[in-house]
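Colleague: Please pick one part of this model and walk me through it slowly, with a word on its surroundings too.

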Amino acid sequence: MIKFNLNGKDVSVDADPLKSLVRVLREDLELTGTKIGCAEGECGACTVLFEGKPVTSCTMNLIHAEGKDVKTVEWVAASKLGEVIKKAFYEENAVQCGFCFPGFMVTTYHYISSGGTDDRESIKRALSGNVCRCTGYEKIISAVQRACNDAKGVK
Amino acid sequence: MMNGNKLVRVESLSDLFAKSASCKDNFCYLAGGTDINVQISKQMIKDSTLYFISNLDELKGILVNGDELVIGSGETFGNIINSKLVKSKVPFLSDSLVNFASPLLQNAATIGGNIANGSPTADATPLLLALDADVVLVSAEGERRVKLCEYFTGYKKSVLKKGELVKAVAIKIEDGKSYFYKKVSSRKSLTIAKVSLAAVYSKDGDKFDSLRIAVGSLNEYARRLPKVEKVLLGGGSDDELKKALQAEITPITDLRSDAEYRFDVACNLINSLRN
């Protein structure tokens, strides 16, 4: 049994400690918001907050989570800032197929909550581990800019 | 069991050495997992014992010890890039690592893993070579220090003995040096170098007073270029420089680039350092 804190609740998982964290989240804990894209750390569709920092959960194992704090897109989406981010992406037409969006959402949440500004270059750098193959980055960057401004005063 | 691999938890380095001493399987260490997990899924690591070292405090820490900056092998690139100590003592390292992989991987990948994995394209290695870093190795027998420029012995091969691991990296703090780093690749970030070149130097007018150059992705492992350094320090001609470079690099053609392009880029980078 491996225990960790997931989205604010203590969970225990009986699975191979080497199983990839994203597969544990999706298959054992039935949180399917986190997506599996490349499965080797390149696309960012599997981004989660690990001890508050965004990481690719496909390159992490269940063992990495033991005793740690993990937050997925389900938690981020339900937060006040998550609502602001969703609205901003909607307003800017920044989600087309939506597969990469959970990863962008988590990375954007971290970017804004850690004090990121609406400077496009800073946003590009922060999002450089998240790959989108259909919407295009300009709209996504604009959406993050909008979310930065809309989030002022939102915790 | 993922591809026949088995995970073993350890509480400390001494616990690790006690457990790994009797291990009959192939074994490796699992820290951030960003390289190891790709190798597991591609079955490059199978039927092995993996020791989980990610939580070992003995491999953590960024501190100044005398005239050196010492970085624990288990420190993530994110911690190194954001460390005020690194920024003030060896800014070349933190400034150059900003585009390492991606911010997501920076938060998991460790500096020890980048060295120990031994990829010829590893981003940290040319920087650390140009900084003339030492690696601190640890085993049940104790610690030893090796110059990073003497650590690699072949493609993904090193002087590490079975049961030994990288404990820390030690970088001499130097004042009054200039720095040069260029990673040439197909994107700005989240990319693997076609060619990378790092240099630490001081110049008096046009003349180099001191110079260390290291390259990545141009040989079976990242390395210093002593012949090229000698030509540049002696103010040699472009022809001499090209010959020295030809003697020291063996670029290959692969999916990312071709040998001729890599050679030309290496020449151009050295010329832009010179001028």
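Modeller: A residue is buried if 20 or more other C-beta atoms, placed from the backbone, lie within 10 Å of its own, exposed if 12 or fewer, and partly exposed in between. By that count, buried residues make up 50% of the 155 residues in chain A. This is a predicted model, where local features need pLDDT of at least 70 and side-chain atom pairs pLDDT 80 or more, while totals for chains, interfaces and linings use all residues. Residues count from 1 along each chain as written, and chains are lettered from A, ligands numbered from 1, in the order written.

Let's zoom in on helix H9 of chain B, residues 226-233. (Helices, H or I with at least four residues, and strands, E with at least two, are DSSP runs numbered from the N terminus.) Four residues of H9(B) are buried: B:Val228, B:Glu229, B:Val231 and B:Leu232. Look down the axis of H9(B) and these buried residues fall within an arc of 165° (going by directions from the axis to the C-beta atoms), so they line one face of the helix. Their cover includes strand S13 (207-216), helix H10 (238-248) and helix H11 (259-274), which belong to chain B. After H9(B) comes B:Gly235, with a positive phi near 65°.

Now for the sheet in chain B. The open sheet has four strands in the order S11-S12-S13-S14 of chain B, paired antiparallel; strands pair if DSSP finds at least two bridges between them. Strand S11 (178-184) and strand S14 (223-224) of chain B are the edges, each pairing on one side only. Further in, S12(B), residues 195-204, is joined to S13(B) by nine bridges, and the two run antiparallel. B:Ala198 sits opposite B:Ala214 of S13(B).

So how does our helix meet this sheet? H9(B) packs on the sheet, touching S13 and S14 of chain B, and its direction makes about 155° with that of S13(B). (Contact needs C-beta atoms, placed from the backbone, within 7 Å; angles, 0 to 180 degrees, are between N-to-C directions of lines fitted to C-alpha atoms, for helices over the stretch in contact.) Helix H11(B) lies across S11, S12 and S13 of chain B, running at about 20° to S12(B).

Stepping back, chain B also meets a partner: 21 of its residues are in contact with 23 residues of chain A. On chain A's side, S4(A) gives the most, with four residues. Chain A itself has seven helices and five strands, and its C-alpha atoms fill a box of roughly 45 × 30 × 20 Å along the principal axes.

Terms used. Contact = placed C-beta atoms within 7 Å.
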